[in-house]
Amino acid sequence: MQKYVIALYIRLSIEDYKYDSLSIENQSLVLHEYAASMPEALNAEITEFIDNGYSGTNFERPQVQKLIEMVRANQIDCIIVKDFSRFGRNSIETGYFIERVFPLFHTRFISISDDFDSSKFKGDTGGMDVAFKYLISEYYSRDMSIKTKSAKYAKMQRGEYQSKICPYGYRKSADGRMEPDPEAAAVVQLIFQLAAEGINATAITRELFRRNIPTPGQYKAAHGNHTHDISRCHGIWSTSTILRILEDERYTGVYVIGKRAVLEVGGNRSRLKDRESWYIIPDHHPAIIEKAVFDTVQASQLRFSQPNKKKRDYPLKGKAFCGCCGHALSRTMQKTSYYHCRHSEADVESRCHKMRLNAAELEQTVFLTLKKQMEAAAPLAPDGTLRVDASVPEHAEYEQQIETLQDGKRTLYERYLMGEIDLNTYKAEKAACDELLLKTKNAYAAVLAQAKQKQDEQARQDSRKEASKAIFDADALTTELAELLIDRVLVYPDKRIEIAYKIQDIFA
């Protein structure tokens, strides 16, 4: 028996903690009270979705993503929020979901404080009032971002601001300042000592592995900080980590902040600013490395700059991974190119140590595997398969019946409140209406499921048709073909490969 599902969405950002009215408890109370007053609540399943500590400027929030996925799976009948800004402060994205996505899946959207109920507009979007509320929420977020940034920059200029996270080799003291972490600081000193002796970053990673020195991620995990994924490092340092440490002048006691600027308010993309725009604070904290040693290392490190370097492109770029350690394979760009595993160079006992595979041979093997699997699958007719008719003419009829029954329930309740019918009559007629409404909804759900099944089958056939044409039109593996079909390719030292496809059942 399918119930009417009401989703209560609650969002609380870091800036909202100062307002009691926006607390999770307050939002939950308001939403539950509103939901309980709805006629649909008599036979409803009410579920909460809470994003605690997330900004509303984008939709990269776990619970809102889960909610949207359930909407697309036709599992949500109604969404209730306290106001538009709780759902999102980006006017374009918020409007897209409320005006395009939710109506497509017949999901009702209610914003209590804005007095907005999508069921009242019957296809309209709420007009200018709603559009202005979207924009007000977005501009409020922009204003808050600018004010917060201004306050932070003022602290930077006074030398008061520092990140909550210390670089490897430091830790927070009792007063919140940075101080050397003796164990990690000794490793940083060793790295600089080796570099000052002319040893390059790759050789340094081998020496650290030989001495069994844990990577920064492993060291943090051993001390209770499990924010880094260390499942694939196997105790091997990366050359990029070594180079970052060697270039970090914070180890000389200088604090550098404000090196990057975000490209858009509320976004994650950023750019490196000119050094003149950085905030550089000398003698900010105890030094681990002497300035003379740091300068010696900077002078000895070879750095290559290729401003006009052409973008390297090849079919398995970003898709070829080592089957032993899981790291991405590097590809040499030579007359005879090879894929090789750089991560395991420090570990001579590793199965993938110095693994090298001819690039042309690997790409051809992948292409032939794709072609053979497509040939083994049920072949498509040259003119393509017949399209599945995914249209269901009963949609409008069922929707009209459900709307009529719901209107009837409201009218029945109003008649009872006006004293036109007694309680027993109301209960009996309401029970009959509920039973009919439930049957109609179940029938409608079955029709929707059938339509979804047909759409999925058609999508699968279209994907197979596109893949088949791409494979048989090609003479070799191309970037376009790899992008269309391949998620990743696991490569093993014995030249065995495993292909993970983007569309799992494409060769079924």
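Colleague: In which loop is His234 placed?

Modeller: His234 lies in the loop between helices α8 (216-222) and α9 (239-247). This is a predicted model, in which local features need pLDDT of at least 70 and side-chain atom pairs count only at pLDDT 80 or more, while totals for chains, interfaces and linings use all residues. Residues are numbered from 1 along each chain as its sequence is written, and side-chain values use heavy atoms, with hydrogens and water left out.

Colleague: Why is His234 called partly exposed?

Modeller: Buried means under 20% relative accessible area, exposed over 50%, and partly exposed in between (1.4 Å probe, protein chains only). His234 has a relative accessibility of 46% and therefore counts as partly exposed.

Colleague: What is the phi of His234?

Modeller: His234 is not a glycine, yet its phi is positive, about 55°. Most residues other than glycine have a negative phi. Asp115 likewise is not a glycine and has a positive phi of about 55°. Asp115 sits in the loop between β4 (108-111) and β5 (116-117).

Colleague: Is Asp115 buried or exposed, and what value decides it?

Modeller: The relative accessible area of Asp115 is 61%, so Asp115 is exposed. Ala73, in the loop between α2 (62-72) and β3 (78-81), has a value of 41% and is partly exposed. Across the protein, buried residues make up 40% of the 508 residues.

Colleague: Which residues of β3 point which way?

Modeller: Cys78 and Ile80 point one way from β3, Ile79 and Val81 point the other way, and all of them are buried.

Colleague: Why are β13 and β15 called edge strands?

Modeller: The open sheet of three strands has the order β13-β14-β15, with antiparallel pairing. β13 (330-331) and β15 (356-358) each have a single partner strand, so one side of each is left without a neighbour in the sheet. β13 pairs with β14 (residues 338-340) over two bridges, and Ser330 has His340 in β14 as its bridge partner.

Colleague: Which helix packs on this sheet?

Modeller: Helix α11 (residues 359-376) packs there, touching β13, β14 and β15, and its direction makes about 70° with that of β15. Contact means heavy atoms within 4.5 Å.

Colleague: Why are α6 and α9 called roughly perpendicular?

Modeller: Axes are lines fitted to C-alpha atoms, for helices over the stretch in contact, and angles run from 0 to 180 degrees between N-to-C directions. Angles under 35 degrees count as roughly parallel, over 145 as roughly antiparallel, 65 to 115 as roughly perpendicular and the rest as oblique. α6 and α9 pack at about 90°, with their axes 10 Å apart, and are therefore roughly perpendicular. Val188, Ile191, Phe192 and Ala195 in α6 meet Ile242, Ile245 and Leu246 in α9.

Colleague: What joins β16 to β17?

Modeller: Strand β16 (residues 486-491) and β17 run antiparallel and are joined by five bridges, with Val489 and Ile499 as bridge partners. The two strands form a hairpin with five residues between them, and Lys495 in the turn has a positive phi of about 75°.

Colleague: Where is confidence lowest and where is confidence highest?

Modeller: pLDDT is the predictor's confidence in each residue, from 0 to 100. Confidence is lowest in helix α5 (residues 127-158), with a mean of 51, and highest in helix α6 (residues 182-196), at 95. Over residues 384-390 the pLDDT is below 50, and this stretch has 15 contacts in the model beyond near neighbours in sequence. Where pLDDT is low, the predicted coordinates should not be read in detail. The protein averages 79, and 80% of the residues score at least 70.

Note on methods:
Pairing = 2+ DSSP bridges. Helix = DSSP H or I, 4+ residues; strand = E, 2+ residues; numbered from the N terminus.
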